[in-house]
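Open the model in your viewer and show it as a cartoon. This tour goes from one selection to the next.

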Amino acid sequence: MESGPAIFAGVVFALFGAGLLLWTGVRVLHRAPVAQGVNPAASVAFATLAGAVALLLGVWCFTRL
């Protein structure tokens, strides 16, 4: 019964992280801004870092099962 919240949190973190990394990659490939009004290099770096952290948190949640 305790594994339910860990599975839910892992799925949410993994989907968000993967989605953010995919979205950032597509924006970079199309040379579109990742965030309006922000330095392009900084916005790509921050979005990539946030996506990777979320993906790692999802993996960490799955290791807690």
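A helix here is a DSSP run of H or I, at least four residues long, numbered from the N terminus. The model is predicted.

**Whole chain.** Start with everything selected. The secondary structure amounts to two helices and zero strands. Along the principal axes, the C-alpha atoms occupy a box of roughly 45 × 15 × 15 Å. The radius of gyration is 14 Å, whereas a compact globule of 65 residues would have one near 11 Å.

**Surface.** The chain exposes about 4700 Å², and 77% of that comes from carbon and sulfur atoms. Of its 65 residues, 20% count as buried.

**Helix pair.** Select residues 3-29 for helix α1 and residues 40-63 for helix α2. How do their axes meet? They come within 7 Å and cross at roughly 155°. Angles over 145 degrees count as roughly antiparallel, so α1 and α2 are roughly antiparallel to each other. The crossing of α1 and α2 is left-handed.

**G25.** Zoom in on G25, which lies in helix α1. Is G25 buried or partly exposed? Its relative accessible area is 30%. Buried means under 20% and exposed over 50%, so G25 is partly exposed.

Technical notes: Residues numbered from 1 in each chain as written. Predicted model: local features only at pLDDT ≥ 70, side-chain atom pairs only at ≥ 80, totals over all residues. Heavy atoms only, no water. Rg over C-alpha atoms; globule rule 2.2 N^0.38 Å. Buried < 20%, exposed > 50% of the residue type's maximum accessible area, 1.4 Å probe, protein only. Areas by Shrake-Rupley, 256 points an atom, 1.4 Å probe, with all protein chains shown as cover. Axes fitted to C-alpha atoms, helices over the stretch in contact; angles between N-to-C directions. Parallel < 35°, antiparallel > 145°, perpendicular 65-115°, else oblique. Left-handed = near helix turned anticlockwise from the far one by under 90°.
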